[in-house]
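The questions below go through strand pairing and aromatic contacts in one structure. Each answer ends on the value or name asked for.

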Amino acid sequence: MEGSNLYWTKSTNTSTSTESTIVKVGGQSLKIAASGAVEDEVVKKTFSSNQDLSAFERIGFWIYADRLATSTATTTQLLSFSYRDTGGTETTSTISFQEEDRWQYQEITLTSTAADKDAISYIQFRIDFNNLGAINFYIDQIRAYDDTERTAEMFVGQDGSLIVFGRGGVEIGRADGSSN
């Protein structure tokens with residue numbers, strides 16, 4: 001997300017910046033800082049020309065929250081992701097955080113109606129909490145892809161950890177087919 005804060009607009013009570021220490025892929029992530037009365041504030045990327053995502057079924061990205069508002073991590077929903085087609089349809093998906101201070105991969109299923117994703121004018125993250133103190137969110141590697149793609153990732157994260165994941169799972173074996 002190198003230089004990503006240059007292309008995102010924000011509401012009054014939030015701030016955005018390019019982060020270089022809390023990063024999942026590459027050298028930078030987008031940091032969204034929220035505190036106080038921020039419910040329904042948005043951080044939005046408006047495209048200079050409409051984006052045709054009709055060939056894709058999913059948007060995926062890495063996301064991180066430096067703290068949670070409750071102790072119930074799997075139900076902690078602090079943020080939503082939306083995209084809007086110029087035909088007027090805005091589609092919103094909630095993001096439930098599993099843990100604080102840990103990256104998680106988030107997949108958003110795009111609508112199956114091609115007309116609702118053939119002229120995307122913006123994507124945005126909406127803050128869904130109010131007066132819970134300061135929470136920082138970090139977003140990295142936003143991308144669109146097709147369900148039929150054979151996708152997998154293998155890379156070394158910023159902290160030096162080897163990250164391997166696949167859409168249907170991960171199997172590690174030897175090229176000669178043996179189990180040793």
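Q: Which residue in strand 8 does Gly60 stand opposite?
A: The model is a predicted one. In it, strand 5 covers residues 58-65, and strand 5 pairs with strand 8 in the antiparallel sense over six bridges. In strand 8, the residue opposite Gly60 is Glu107.

Q: What is the order of the strands in the open sheet of five strands?
A: The pairing in this sheet is antiparallel, and the twist from one strand to the next averages 30°. Strand 2 (14-19) and strand 8 (104-109) are the edge strands, each pairing on one side only. The order is 2-3-10-5-8.

Q: Are the rings of Tyr64 and Tyr138 stacked or edge-to-face?
A: A pair of aromatic rings is described by the distance of the centres and the angle of the planes. For Tyr64 and Tyr138 the centres are 5.4 Å apart and the planes stand at 80°. Planes over 60 degrees apart count as edge-to-face. The angle is 80°, so the pair is edge-to-face.

Q: How many residues apart in sequence are the parts that the pair of Tyr64 and Tyr138 ties together?
A: Both Tyr64 and Tyr138 are buried. Tyr64 lies in strand 5 and Tyr138 in strand 10 (residues 135-145), so the parts tied together are separated in sequence by 74 residues.

Q: Over the ring of which residue does the charged end of Lys44 sit?
A: The charged end of Lys24 sits over the ring of Trp62, 4.6 Å from its centre. For Lys44, the distance from the charged end to the ring centre is 4.1 Å, and the ring belongs to Tyr122.

Methods. Residues are numbered from 1 along each chain as its sequence is written. This is a predicted model: local features need pLDDT of at least 70, side-chain atom pairs count only at pLDDT 80 or more; totals for chains, interfaces and linings use all residues. Side-chain values use heavy atoms; hydrogens and water are left out. Rings of Phe, Tyr and Trp (its six-membered ring) pair if their centres lie within 6.5 Å; planes under 30 degrees apart count as stacked, over 60 as edge-to-face and the rest as tilted. Helices (H or I, at least four residues) and strands (E, at least two) are DSSP runs, numbered from the N terminus. Buried means under 20% relative accessible area, exposed over 50%, partly exposed in between (1.4 Å probe, protein chains only). A charge sits over a ring if NZ of Lys or CZ of Arg is within 6 Å of the ring centre and within 35 degrees of the ring normal. Two strands pair if DSSP finds at least two bridges between them. Axes are lines fitted to C-alpha atoms, for helices over the stretch in contact, and angles run from 0 to 180 degrees between N-to-C directions.
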